[in-house]
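Subject: Structure handover and findings

Hello,

Here is the structure for your files. My notes on it follow below.

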Amino acid sequence: MAKRKTKIHRGLGKKSALEEKAHLILLADGLAIGMQREYKFHPTRKWRFDFAWPKLKVALEIEGGIWAKGRHVNPQGFILDCEKYNEASSLGWVVLRCPPSFISSKMVTWLKDVIQRRSCVRDSDERTP
């Protein structure tokens, strides 16, 4: 009898080691203010961002499993990710995608730049009559 492959899904509440590393970096760099984890951003789909700053519509996605032929790099997973990120863009979100090697000062620099720019735009929009 042939063995059946079982799909393993990371359930809500379970965080990957990469996500935990990113979270610690975000905390250390003062980027956790206004941040939510596992944020459901779409009105009808169950899509979630790993980290999100909803008021600014900024999101951070940790792209794990790229060297282990994980979900993000197989053809179907890649197509599904494209759909998710394009829907997010159409809703006005800026999404930063970070593979393991970017979970460092590189991630922090990009995130601070995007948050600062989005904050400035939001502030100027609020002042416009």
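Burial classes come first: a residue is buried under 20% relative accessible area, exposed over 50%, and partly exposed in between (1.4 Å probe, protein chains only). Please note that this is a predicted model, where local features need pLDDT of at least 70, side-chain atom pairs count only at pLDDT 80 or more, and totals for chains, interfaces and linings use all residues. Residues are numbered from 1 along each chain as its sequence is written, and side-chain values use heavy atoms, with hydrogens and water left out.

Salt bridges

The criterion for a salt bridge is a side-chain nitrogen of Lys or Arg within 4 Å of a carboxyl oxygen of Asp or Glu. Counted by this rule, there are 4 salt bridges. Helices (H or I, at least four residues) and strands (E, at least two) are DSSP runs, numbered from the N terminus.

One of the salt bridges pairs Glu83 with Arg45, with 3.0 Å between the closest N and O atoms. This pair links distant parts of the chain, 38 residues apart: Glu83 belongs to helix H2 (residues 75-90), while Arg45 is in the loop between strand S1 (36-40) and strand S2 (48-53). Both ends are partly exposed, Glu83 with a relative accessible area of 33% and Arg45 at 34%.

Another joins Glu61 and Lys84, whose closest N and O atoms are 2.9 Å apart. Here too distant parts of the chain are linked, since Glu61 is in strand S3 (residues 58-62) and Lys84 in helix H2, 23 residues apart. Glu61 is buried at a relative accessible area of 3%, and Lys84 is buried at 10%.

A further salt bridge runs between Arg97 and Glu63, again with the closest N and O atoms 2.9 Å apart. Arg97 lies in strand S4 (residues 94-98) and Glu63 in the loop between S3 and H2, so this pair ties together parts that are 34 residues apart in sequence. Arg97 is partly exposed, with a relative accessible area of 36%, whereas Glu63 is buried at 4%.

Cysteines

How many disulfides does a search of the whole structure find? The result is 0 disulfides, a disulfide being a pair of cysteine sulfur atoms within 2.5 Å. Cys98 is buried, with a relative accessible area of 1%, and Cys120 is partly exposed at 47%.

Helix H2

H2 has 16 residues and spans 23 Å from its first C-alpha to its last, close to the 22 Å expected at 1.5 Å a residue. The expected span is 1.5 Å times one less than the number of residues in the helix.

Which residues of H2 are buried? They are Gly77, Asp81, Lys84, Tyr85 and Ala88. These cover an arc of only 90° around the axis, which puts them on the same side of H2. The arc is that of the directions from the helix axis to the C-beta atoms. As background, an α-helix has 3.6 residues a turn, so residues three or four places apart point the same way.

The cover over the buried residues of H2 includes S2, S3 and S4, judged by contact, meaning heavy atoms within 4.5 Å. On the other side of H2, the exposed residues are Pro75, Ile79, Asn86 and Ser90. Just after H2, Gly92 has a positive phi of about 95°.

Glu87 and His42

Glu87 is in helix H2 and is partly exposed, with a relative accessible area of 30%. Setting aside neighbours within four places in sequence, Glu87 is in contact with His42 and Trp47. Glu87 and Trp47 are 40 residues apart along the chain, and their C-alpha atoms are separated by 9.9 Å.

His42 lies in the loop between S1 and S2 and counts as buried at 10% relative accessibility. With neighbours within four places in sequence left aside, His42 is in contact with Trp47, Glu87 and Leu91.

Ala52

Ala52 is in strand S2 and is buried at 0% relative accessibility. Beyond neighbours within four places in sequence, its contacts include Gly34, Met35, Tyr39, Val58 and Trp93. The C-alpha atoms of Ala52 and Glu38 are separated by 7.7 Å, the two residues being 14 apart along the chain.

Regards
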